[in-house]
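Please take a moment to look over the sequence and the model before reading on.

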Amino acid sequence: MKQEYAYWIALAHLPRMKNVRKNELIVRFFEEKLSIIDFFHCEKSKWERLFFLDENEIELLIGAKNELANHSFLVEDLLEQGYDFVPITSPDYSPIMKNNLKQSHSPPLIYTKGNKQIMKENSIAIVGSRDAKNVSLEFTDSVAKTASKDYKVVVSGFAKGVDKQALDSAIKYRGQSIIVLPQGITTFKSGFKKYYKQIVDGDVLVLSTFFPKATWNVQFAMARNPIIYGLAKEIYVAESSEKGGTWSGVIDGLRKGRSIFVRVPLSTEKNANNILIQKGAIPVDNQGQKIDNYSAKEITSSVVNELSLAFEDIDSKIIKLLSTGAFTSKEIIERLKIDWTTRKLTNYLKKNKNIEVLKKTSTMKFAIKRKQEIQQSLFQ
Amino acid sequence: MTRNEAEIKLKRIFEFEKFYDEQWQTIDMLLRGERTLLIEKTGYGKSLCFQFPATQFDGITIIFSPLIALMRDQVNTLNKKGISAKYINSEQLPEENSQVMQDAINGKVKILYIAPERQENQEWVEATRNMNLSMIVIDEAHTISVWGHDFRPAFRRIINLVQLLPQKLPVLATTATATKRVQADIEQQISGNLTTIRGNLLRENFNLFVIETKSEDEKLLWLAENLKNFSGTGLLYTGTRVNTEIYARWFDFMGIKTTNYNAGLDGETRKEIEKGLMNNKWKCVVSTNALGMGIDKPDIRFIIHTQIPASPIHYYQEIGRAGRDGEKTFIILFYNSKQDENGIQEDYKLPKAFVDGGRPNINKYQKVINALKQEPLGERQLMKKTNLKQTQIRVIKADLIEQGIIREVKYDKSKKYEYRYDAPELNTVKFDELRNSKLKDLDSMVDYVFTKEPRMKFLCEYLGDNPPVKFENCDNSKYKKRTVQPDKSTVNKLIEFRETYFPILEVKSNNSNIANGVASSYYGVSNVGIALHRCKYENGGAFPDFLLKLTLKAFRKTFGNQHFDLIVYVPPTDSGDLVRNFAEKISSVLKIPISHKLVKQRETQQQKAFHNGYLKRDNVRGAFNYTEPNEITNKNILLIDDIFDSGATIIEIGKLMTNFGTKTIIPLVIARTVGGDI
């Protein structure tokens, strides 16, 4: 129901609340058979009783509620301009993404333009560096070709290099594509002009999770990567260095047990493809075909711990660590090799809704907050 | 808030003692955050129903209203009461509008009036994100219904908006004219637990007459003899723009002070006329129905229609503009009931043609769809791509948007139309339904002409209202019928007028030395058009002498005193030497030398092959040359052609000659078409 959209904007872009908490609330009202409208118009007592909202959160929600009418004006304009809203409760929401990112990282609301049904198709992402070499671009082209032939959707991030090649090739081979934007969807005007025909024909879906009017920035570009990985069933890596978005995305994916296919590099190439294979990625040839019995040659660099972790990575790692017990900030930094000061991490942990402070000793210890058992049927 | 408490505040803020029951009922619901539709006649006090609660809310109330004049008046009145009200519309400078938006964001405005079209404006949409919004009002809500008499596409977005507004935000829709069907449509569109409050629509102070005639001339005759006998100032509605001109010039000829008004006039002129109307500068303003909506003049004493409107609800709405002060007001409708050979009444034809011609044929829709499947296009590009008239393009666009097949999207600063990837098939059943419904409405309007019942009773019942009163205010009840029995001298005057009435060709512009010219007649409204057609397209030979005589007469009346050095004529596309021969005859009668030096330097198509001004202009751009420019330098030229349509050819030649240093160029043509596009 379209009246809900203003409410979804209010919740999805609620500041100072993590997606995991937002999704928790969504799962809760979903299971209570309440709509998001009902949720927003709940009595305060019901918010506390049914949703366990604390004073802070209630204040946040009341603030958001006051802006609903303002969002309605924005929603009207966005719908008029041809943008769609896909809340996480919508049957149109990508089942692949829900499955990959789960309750902790799935964005509660996505904005799209184009054929939403593409999100339900089998999909692959082709990822790699912005300044990838020719051999990587050729690899990208042949993987996109095969995917298009097999009716698989190619997901890419509209960056230079591999991303752009993936999109261009999918279009060239008349396949379908999802463009995941590192910016608000209304700021992609030139792209909409360029891919007009493909959008009209239902072959391209443009997607963004950011506030619709937000312009590009580095944080968005980083935050967009997990969405690309999330939307794809399989991930093909054309070229990765030892840090940056591609790298951390793959590492994260491997940890979650996802199938990630990495192009076997030529001996002359200097990149981290072999390291990824060593870490468990599946080696593939220039056509994207699996290579059996490939052993990655000796790895020259193994300074994995220097990688700059994406924000979301830190979050999930901490949660994972804390699920084994209570730790001080210092201990957490040492164990996870995070490049942060103790003070920064302490402040960060204090704000995290899922973590509580245990003040048994003079040094603060952090642990996962105990919470109500919630059935997660929204996420299967 | 109880009614008592509210009425204490009412006294203090608005200086009224009490609410009417239906007013309070409405206000009470709005204060409780509910959605309401209020149907009350003009002059009832609908505005108070949102103005009062607006003063009680913390934030701002936004009123979407199509009526600029009304905005102005209400804002003035509110400001005088010390209530901070402002408006945003096209009459103000962009900077002024921006300032109002800023004030609204800063909480300095309680009541904000805005035209529905503004919802397309990015600055406005952006500004709404930061306002403290308390209530939304839709004024003239019948305009959101396609079944209403005045559907406005811009309101489509307002309906969408209302559907998207959060619960508990009060919404009020108001109208003075809604049949049960329109009411149901509004209710369905606004949705979300809407409560409707409906008052009675009877206007007691109206005296209603229908005058049956057997010709168009009889209308002119009756008016010439009777118009000056009405007290006060009024409005005269004609069915077409051309008729506003003809009627006004006839009254001028008869020494009655009137002026003509239509939507084609520029904003400055329109405002000037509206102001003059307020100050009773003329006996009446002769207008298309573009005038009057929202003119807040309480003492319009009479409204006369020379053509039947499209339905009784149009009629009720248009006459509703009169007599708001409750004083006696005359409402007169003319109807030419003469039947043609097929038994069709003359005055049925024009409104019927509007219904029939309301929609272009399906191929044209398909043309637009196909063009937009390839690329996004603006209106102008679309017209060039499809060779369709602007009026047609606009109808098609509105329909396709309505059906969810295309959408209007902003690309940077320009508006373009996009095909939607999931667009449904064009639904033509809908068009037929609408057409049938419109025909039924039109037939009801004719029923009004011939009804034996009290006329106000007929109108109220049509609107779904049944007031329990005795009706005594029309020529079917208390008053005697009016008929046309003109004086012989008036008839002679009309003949004289007809023979000396020549349409003006408006081509004057600042960057050309071309001046307004004259035609001997309109193309469609006399035998002139028939004669021209026969000669041009049916090998009927040279233009007959009566055309020459009439054209010379038009020339002498308009330009008889001016000196011309040379006659030049428009070289033909393919109708041979008709114009050349005609120009030579004129040259020999007027004893002005003729030149054959204006030539085409490239082939052009016949202008009538193009259906819009852009393509017509493209067709003739750079097409002409003057082989001996010295001959026309610093000269006064009479430029002759047969038919003047969009004026693109004449204007192009005017430019060419201006570049060669010609002093003045005055066009003289046999006929001017009616309703040339752009």
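This is a predicted model: local features need pLDDT of at least 70, side-chain atom pairs count only at pLDDT 80 or more; totals for chains, interfaces and linings use all residues.

Residues are numbered from 1 along each chain as its sequence is written, and chains are lettered from A and ligands numbered from 1 in the order in which they are written.

We begin with the domains, whose bounds come from an automatic or database domain assignment. For chain A the assignment gives domain 1 (2–80), domain 2 (116–305) and domain 3 (309–368), and the C-alpha centres of domain 1 of chain A and domain 3 of chain A are 28 Å apart. Chain B is divided into domain 1 (3–198), domain 2 (206–338 + 448–488), domain 3 (362–426) and domain 4 (502–672). Between the centres of domain 1 of chain B and domain 4 of chain B, taken over C-alpha atoms, there are 53 Å.

Next comes the place where the chains touch. Two residues are in contact if their C-beta atoms, placed from the backbone, lie within 7 Å, and the contact takes 28 residues from chain A and 26 residues from chain B. On the side of chain A that touches chain B, the elements that give two or more residues are helix H1 (5–12), helix H6 (68–80), helix H10 (189–194) and helix H11 (196–200) of chain A. Here helices (H or I, at least four residues) and strands (E, at least two) are DSSP runs, numbered from the N terminus. H6(A) gives the largest share of this side of chain A, eleven residues. The residues of the side of chain A that touches chain B divide into twelve nonpolar, nine polar and seven charged, where Ala, Val, Leu, Ile, Met, Phe, Trp, Tyr, Cys and Pro count as nonpolar, Asp, Glu, Lys and Arg as charged, and the others, Gly among them, as polar.

Within chain A, helix H12 (residues 218–231) and helix H13 (residues 244–255) pack at an angle of about 45°, with their axes 10 Å apart; axes are lines fitted to C-alpha atoms, for helices over the stretch in contact, and angles run from 0 to 180 degrees between N-to-C directions. H12(A) and H13(A) are therefore oblique to each other, since angles under 35 degrees count as roughly parallel, over 145 as roughly antiparallel, 65 to 115 as roughly perpendicular and the rest as oblique. The contact is made by Met222(A), Asn225(A), Pro226(A) and Tyr229(A) of H12(A) and by Gly245(A), Gly249(A) and Gly253(A) of H13(A). These residues divide into three nonpolar, four polar and no charged.

In chain B, helix H9 (residues 216–226) and helix H19 (residues 488–499) pack at an angle of about 120°, with their axes 10 Å apart, which makes H9(B) oblique to H19(B). Asp217(B), Leu220(B), Leu221(B), Ala224(B) and Glu225(B) of H9(B) meet Thr490(B), Val491(B) and Leu494(B) of H19(B) in this contact, and the residues divide into five nonpolar, one polar and two charged.

How many of the eight residues of helix H12 (residues 312–319) of chain B are buried? A residue is buried if 20 or more other C-beta atoms lie within 10 Å of its own, exposed if 12 or fewer, and partly exposed in between, with C-beta atoms placed from the backbone. Eight of the eight are buried, so H12(B) is largely enclosed by the rest of the structure. What covers the buried residues of H12(B) includes helix H17 (428–450) and helix H18 (455–462) of chain B.

Finally, we turn to single residues. Most residues other than glycine have a negative phi. Lys102(A), in helix H7 (residues 95–105) of chain A, has a positive phi of about 60° although it is not a glycine. Lys102(A) counts as partly exposed, with 17 C-beta neighbours inside 10 Å. In chain B, Lys168(B) is found in the loop between helix H7 (154–164) and strand S6 (171–175), and its phi, near 75°, is also positive. Glu408(B) lies in strand S14 (residues 406–411) of chain B and is buried, with 21 other C-beta atoms within 10 Å.
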